[in-house]
Each structure stands twice: as structure tokens, then as C-alpha cells.
Amino acid sequence: MEKEFKRITWSFMYPHNTGKARTCKDCHQSAKTVGLGYGSLTYLGKGRFRFTPAEAPSELLEIEHGLSAVVDLSGKPLVNFRPGVRGFNGKEIRQILRVGLCLSCHRDFSDPVMRNWPPRKPCPVFKE
Amino acid sequence: MLAMFAALIQELRFKRADKVYTLASGRVDMCLACHKEAPGKAHARGVVGCADCHLGDPLTVEKKRAHRGMVKNPGDLRVADQTCGRPECHPGYAERVKKSLMATNRGIITTLRYYWGEIEDFHAEASVETLMKTDETSPALDYFRKLCGTCHLWLPKEKLPGFLKKKGGGCVACHLIPGKNKDKKVHSILTRKIPLENCVRCHNRSGRIGLSYQGLYEDEQYGAPIEEGEFAAEELEDGRFVARIPPDVHFKAGMVCVDCHTQNETMGDGKAYAHFEESLEITCEACHEGTGRTRKGTLLTNLKVKDGKIYWQAKLSGKELEVKRPDPVACRHPVHRRLTCESCHDQRVPQCFGCHVRRDPREKQLDKLSFKETPGLWEEFRSYMRVEVPTLGVREDKVVILVPG
Amino acid sequence: MAWGLSASFLVAIVTGILLAYPFNESYPLLSTVGIENVVPFGRFFRRLHYWSGFFTLILLFYHAAETLVAEGYRRRDWARWLALCATLPLLILIAFTGYVARGDETGRFAGYIAESLVLKVPLLGSLLNACLFLVRESGVHRPYLFHFYASLALFFVSGIWHFRLRRLPLEDLLGWLLAPMILALVYPLGLHAPGPYLLIKGPWFFLGVQEALRYFPPVWAGILFPALGILLYVLVKMDSLRKWVFGGLLVWTGVYMFFMVYGLLR
């Protein structure tokens with residue numbers, strides 16, 4: 001091998017496979033969707049999460065995260081992005097995933113609580 | 001005596017026409033004396049002359065003289081301003097198309113060079129036309145020349161071997177469909193109703209949009225299932241195996257690429273853009289909210305609003321399709337105001353993880369722009385391919401789908 | 001070389017007359033394409049016409065130069081000298097209008113340019129244009145007429161000079177010109193419009209055959225009967241048969257005239 005360079009760049013696209021919308025859980029409870037990659041999420045309380053990757057770091061390509069990850073939980077980018085594009089930041093990730101915790105009881109917009117959700121109002125059932 | 005004899009011989013050998021052939025406009029077109037082909041309604045035989053498109057000399061039936069200066073493919077961008085784009089027919093189109101991204105490939109070239117660290121400017125000038133005329137090269141350009149260089153409008157039709165033969169051709173890359181009688185040698189038909197296949201002939205790699213739209217997925221290429229010792233998976237013309245996934249709802253409704261993608265996007269609007277997203281006009285909202293105008297204000301004439309309902313007249317089938325309005329709660333809820341439609345409505349996207357390429361300098365490979373074998377063979381690899389829930393991210397403060405690449 | 005000029009001109013005239021028939025000045029390009037591609041030998045005659053015309057022009061230039069060298073102007077009086085000199089621009093105009101008459105792109109644009117130029121001529125501009133071009137208004141009609149008439153005129157006028165074309169006795173010429181002229185002025189010649197006619201007569205000399213066809217089968221009445229007259233006329237040359245043949249011819253003429261008059265009176 002004379003010369004080589006390694007760089008993973010993510011871009012944006014419209015997949016052209018439009019249909020029924022994804023479910024709420026499909027996004028709000030998915031580590032893959034928010035950009036963490038394949039793996040599982042554990043709620044640690046007080047708005048904090050733990051992400052356990054299901055994908056081993058790609059040793060062959062000498063990177064320390066799975067190929068499916070673009071950011072970590074703090075929102076730190078792990079890959080390059082096409083100019084003008086970024087992954088979610090830490091705050092966005094936490095906000096999205098926080099809604100995921102509500103979805104077990106308030107499944108979707110058919111629930112009046114979801115429709116008129118007061119962001120500041122604490123949940124009487126769920127203990128932060 | 002000898003001269004008279006020669007004149008007699010010449011006369012006997014000359015195949016005279018039975019009459020002077022004229023077009024509907026009264027212009028002479030002697031090509032019709034020998035040629036019986038008909039290139040479809042829009043350019044009907046006897047209305048548009050053969051030489052109007054194919055050049056040559058329409059005033060003689062002497063084969064050699066008539067065929068001098070002829071072009072087999074009038075759509076070729078090298079001649080298009082004298083043929084398709086001539087002042088009497090489609091003036092200005094050739095110039096527009098030449099500036100469009102499908103002709104320049106500026107987006108592909110610039111992105112590639114930028115990603116590979118060869119240039120700093122993401123909006124740099126670049127065009128296939130220049131690369132074809134010069135020997136300009138670099139690692140990214142060499143890669144482009146050998147692997148990407150088959151999908152652009154400057155490629156002469158039937159120049160490259162195998163399945164690549166059908167690509168390119170300028171105007172006819174899109175506007176030509178096979179003639180009706182498949183057994184005989186018939187003239188292909190020119191059309192504005194561009195079928196899906198014409199677009200997907202090129203738009204089937206990278207984001208694989210042409211495949212996903214039809215419900216095809218280029219999988220891991222095992223060719224499974226194996227039946228009677230043979231790969232039984234569906235196969236594309238280029239040999240890639242595909243599996244079935246649910247197609248796009250618009251595909252199911254009988255819509256094709258040109259239903260959404262307007263002329264200004266596909267043929268260019270006269271401006272030279274650096275990237276696809278700049279030339280893109282269509283939005284989901286243009287139809288689904290019934291505004292009937294693109295991002296740049298182009299009117300969508302096939303959209304009709306009747307009694308509060310929105311209809312789209314499909315361009316190929318002519319059928320009127322009812323257009324669903326966005327869900328008043330889920331789509332319009334303020335918490336989702338940053339979401340693009342596709343971030344929810346596209347459940348899956350092909351994702352090619354760990355894409356990498358290798359250049360072997362000992363081997364040679366065909367440069368698709370100079371049509372010469374040059375040193376350096378490029379091979380493509382990937383770690384794994386998935387059709388899976390998309391990862392989301394942000395662009396211009398909108399939530400969009402992110403993919404590797 | 002001077003004879004070459006005349007000969008070339010003659011060839012151009014003859015081929016020109018041959019081409020004039022399939023040519024139609026209302027559809028100049030169409031009929032020229034027809035001459036090239038449809039008319040038997042049309043292509044050959046057109047090229048013959050082109051090249052003989054080409055030689056005529058070239059040889060006239062040569063002839064003009066030769067005359068200067070041989071000091072020919074000394075041997076001519078002013079009237080003749082002017083007339084001879086006039087052939088030069090005349091032939092150039094003839095050749096030029098020949099191009100215009102083709103109606104192809106070369107001719108069309110040559111016509112437009114020439115028309116614009118001619119109109120710039122002071123005083124005579126529009127008159128000259130009416131004689132030569134008028135292409136914007138009426139296509140190649142005028143250039144074609146000029147090409148044809150001027151060629152014939154030049155040929156006969158220069159012919160009297162060059163190959164001793166004998167003039168007819170003037171009184172004969174005038175007399176026989178007068179007769180048709182009077183008839184032409186007095187007797188109107190119409191055309192037969194289409195209509196629901198039950199009877200249409202052919203040309204007067206054909207009426208004998210037309211009438212005979214009413215009574216006899218076509219081969220007899222239409223072929224053998226007229227052929228017999230001609231055959232009898234040919235056989236007059238044979239001494240041994242002459243007497244019989246004369247008789248036969250007389251009878252045949254009588255029968256034909258009878259049929260003809262009968263037909264005329266119908």
C-alpha cells in the first residue's frame with residue numbers, strides 16, 4: 001500500500017422510499033435514529049442515558065466506534081459530515097430520547113397529553 | 001460515344017426516387033424515399049424531416065452524398081444545438097442541459113475531490129466536458145474517470161461495452177424509448193413521458209434511490225436463495241442481486257421520476273449549480289399542501305384542487321390521483337416543526353457502511369472519459385450493507401436523514 | 001477557342017431546354033430535387049447544363065481577353081463594339097440567375113443579396129429588379145424567365161454573327177407572323193373546364209380515330225386503322241405497288257375524313 005487515507009463522511013439524502021410514517025418509538029427510543037449507532041439505551045435517571053453499542057469498533061479501519069455511529073451521547077461528532085450537515089447535539093439527543101420514556105404510557109398523538117404537552121409540567125407517574 | 005455510354009451506365013446504376021418527397025410544411029426531404037422509419041408522434045414521419053435531426057443532405061437520394069455529415073444520435077450534446085436544440089425546434093435547451101448537473105457532474109466531481117482532501121472549495125468549478133477534453137487527473141479524478149464516468153450526458157451512446165452501452169446519449173439518454181416492433185429494426189420513439197427505466201439506468205448507485213423507489217434493495221450479494229444450484233435472486237442488468245422491499249407509495253400509485261422532478265431540475269434552469277440540492281425545486285409540500293409551486297416558484301400544471309381535495313394527474317398514465325394532505329396533528333404539531341417529511345415518512349434507507357476503495361497501480365482499467373485503458377485499477381469494498389431505519393441529523397435547521405457516503 | 005465558346009453555349013442551351021420541362025418555377029427547389037432524383041437522366045442533364053454553362057462563362061472571359069490582345073476593338077464600329085461588350089455582363093447575369101432559379105440555400109440567399117444590391121442602383125433600380133429578381137415578392141419566377149429568355153436571345157443574336165445563321169426572307173417571316181397574330185387577336189382560345197359532360201371531343205385530328213372507336217374493336221380502330229394510313233404512305237416508295245397504294249391511300253383518307261367530319265358534327 002503506497003498511500004492511503006481514512007475518512008468517514010456522512011451526508012444527507014431523501015431515500016425515495018416514502019410511505020407510512022415511522023412510529024413514535026421508532027425515533028424516540030432508537031439509538032440508531034439519533035445517531036448513536038446500533039446498540040441499546042439504558043435510562044440512568046435525572047435525564048441521563050447510557051448507550052451500549054452492539055457493534056464492535058471497526059478495528060480493520062482503525063476507528064474506535066461502530067460504523068453505524070455518527071455522534072456520541074454528548075453530541076460529539078465521530079465522523080465527518082458533508083458541509084452544512086451535522087448530527088444531533090447532546091441537548092437534542094437528550095430531548096428526543098426523553099420523549100421516548102413517555103411513549104410507554106402516552107403512545108402517540110391520539111393521547112391528549114401528547115397533543116397538548118406542557119414541557120415544564122412534571123409527570124405524576126414517572127420519577128425523574 | 002464512351003462518355004455517352006458512361007452516362008448510360010451511371011444512369012442505370014442510379015436508383016431513382018419514385019417522386020419528390022416533401023414534409024407537411026412543403027420542405028423537401030428525399031430521405032423518405034428510402035427510409036421508412038417513424039420516430040413517434042411528436043416527431044412524426046413526414047412532419048419532421050429525417051435531416052432536421054440527423055443532418056446530412058436531404059436533397060438527394062445518392063446514398064453517399066445524402067449521408068455525408070450525418071449524425072446517428074442527434075441527441076448527443078456535441079451536436080444538440082444544430083439538431084434537437086436548433087432555433088426552429090427546441091431553442092436554448094441544449095445550452096441549459098449542458099449546464100445541468102447531469103451533463104457536468106460537477107456535484108459528483110467536486111464532492112469527491114473535497115472528501116478526498118484534494119480541494120478546499122466545496123463549490124469548485126468542474127465538468128465532465130473539460131475532463132473529456134484534457135488529461136487532467138488526480139487520485140479522485142482517476143477514480144471518477146474509471147468508476148463514475150459512465151453516468152453523464154456527454155457520454156456517447158453505445159460507446160462503452162456491456163450494460164454501459166445503453167447509458168449516455170445527451171437528450172436521448174432520457175427522451176428515447178424503444179420502438180414498438182421489437183423484432184424489426186425500427187426507429188426508437190422520442191418521448192416526454194420519460195419512463196422510470198430511463199432514469200434508473202443511471203440513478204441506481206450511491207443512494208440507490210432508483211432501486212428503493214421501485215422496492216428493490218441491493219443486498220449483500222450472496223445471490224440467495226439458491227435453487228437447483230443456481231443463484232435465484234433477482235438480478236439487475238449490471239449483475240447486482242436485489243431483494244424486494246416495500247416500494248415507495250408514489251411508485252405504487254403509478255408515478256415515475258418525472259412526475260415530481262420538474263424540467264428545470266432535470267434539464268437545468270440555465271444556471272450552473274455546484275450541487276444537486278441547489279438545483280432541486282420540488283418539495284413534498286408543493287403537492288401535499290396544494291400550493292402547486294416548487295421551491296423556486298415553478299408552477300406544477302398537473303396539480304389540481306377541486307372542492308378542497310388535491311389531485312395529481314400522473315404524467316405517464318394520465319390517471320388522476322388524490323393527494324393526501326399532511327396529518328393535521330402529527331405533522332403540524334409544534335414539537336415536530338423542524339422535521340422534514342422524509343424524516344418520518346421514509347422508514348428505511350439503504351446504508352453502505354465502511355465504503356472503501358483501493359487502487360492497484362499494476363493493473364489497467366478503462367478510463368470512461370478518454371476511452372483508453374490507463375494504469376490503475378480501482379476496486380470497491382464495503383464493510384456491510386443494510387436497509388434499515390435511517391439515522392437522523394440536522395441540515396439548515398431541519399431534521400433530515402443521514403447516510404454514510 | 002471561340003468555337004468552343006459557341007459550342008459550350010449551344011450545349012448549355014440545349015440541356016437548358018431539356019431541363020426547362022421538368023423544372024417548375026413555382027416549386028424551384030422541389031422540381032430541381034425532382035430533376036436530380038426522379039427524372040430519368042435528369043441528374044446527368046443538370047450537371048451537363050451546369051458545366052457547359054461554366055465553360056461558356058470561362059471561355060467568354062478568355063475570349064474577352066483574347067480580343068483585347070488581338071486589338072479586336074479596332075475592327076468594330078461603336079455600335080457593334082458596345083453590343084459585343086454587353087454580352088459580358090449579360091452572360092454573367094444569366095449564369096447568376098441560373099443559380100437563383102435552383103431555389104436552394106445558395107440560390108435563395110444569392111437572390112436576396114442581388115435584389116438588395118440592384119435596388120441600390122439609382123433611377124433604374126426597381127425596373128432592373130423587376131426584370132431580374134423580385135425574389136422577395138414572387139420567388140424565382142423572374143430570375144428564371146430572365147435566365148431562359150436572355151439565354152435564347154443572346155444565343156440567336158450572337159448566332160447571327162458567329163455561325164452565319166441565315167435570316168428568312170423578311171416578307172415571308174412577316175406574312176406568316178401576321179396570319180397567326182390576326183387569328184390570335186380575333187379567335188379566342190379557351191380552355192375546357194371540368195363539368196358533367198356526356199360528350200368530350202379530342203383534338204380535331206384525332207376525331208377520326210375517336211369516331212371509329214365507336215364502331216370497331218380498339219385494336220382495329222385505334223391501332224391498325226391509323227397505322228394503315230402511315231404504312232400506305234411509306235409504301236408509296238415501291239414502284240411496283242405504287243398504283244395500288246395510291247388508290248388505297250385515297251380511300252383511307254376519305255374514310256378518315258368521313259369519320260372526322262362525322263365526329264366534328266356530333
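1. A pocket, on a 1 Å grid over the protein atoms alone, is an open set of points with protein on both sides within 12 Å along at least five of seven lines, whereas a cavity is a set of points where a 1.4 Å probe fits but cannot get out; lining residues have an atom within 4 Å of a point. Grid points are joined across faces, edges and corners, and a volume is the space filled by probe spheres set on the points.

2. This is a predicted model, in which local features need pLDDT of at least 70 and side-chain atom pairs count only at pLDDT 80 or more, while totals for chains, interfaces and linings use all residues. Residues are numbered from 1 along each chain as its sequence is written, chains are lettered from A in the order in which they are written, and side-chain values use heavy atoms, without hydrogens and water.

3. The second largest pocket has a volume of about 1100 Å³. Its lining comprises 39 residues, with Leu59(B), Leu29(C), Gly103(C), Asp104(C) and Glu105(C) nearest the centre. Two or more lining residues come from each of α2 (50–54) of chain B and, in chain C, α2 (28–37), α3 (42–69), α4 (78–102) and α5 (105–119); helices are DSSP runs of H or I with at least four residues, strands are runs of E with at least two, and both are numbered from the N terminus. The greatest share, six residues, is given by α2(C).

4. By class, the lining of this pocket has 17 nonpolar, eight polar and 14 charged residues. Here Ala, Val, Leu, Ile, Met, Phe, Trp, Tyr, Cys and Pro count as nonpolar, Asp, Glu, Lys and Arg as charged, and the others, Gly among them, as polar.

5. Two cavities of 30 Å³ or more are present in the structure. The largest has a volume of about 60 Å³, and its lining includes Leu199(C), Lys201(C) and Arg266(C). Helix α10 (residues 207–212) of chain C contributes the most to this lining, with three residues.

6. Chain B contains 17 helices and 16 strands. Its C-alpha atoms fill a box of roughly 95 × 65 × 55 Å along the principal axes.
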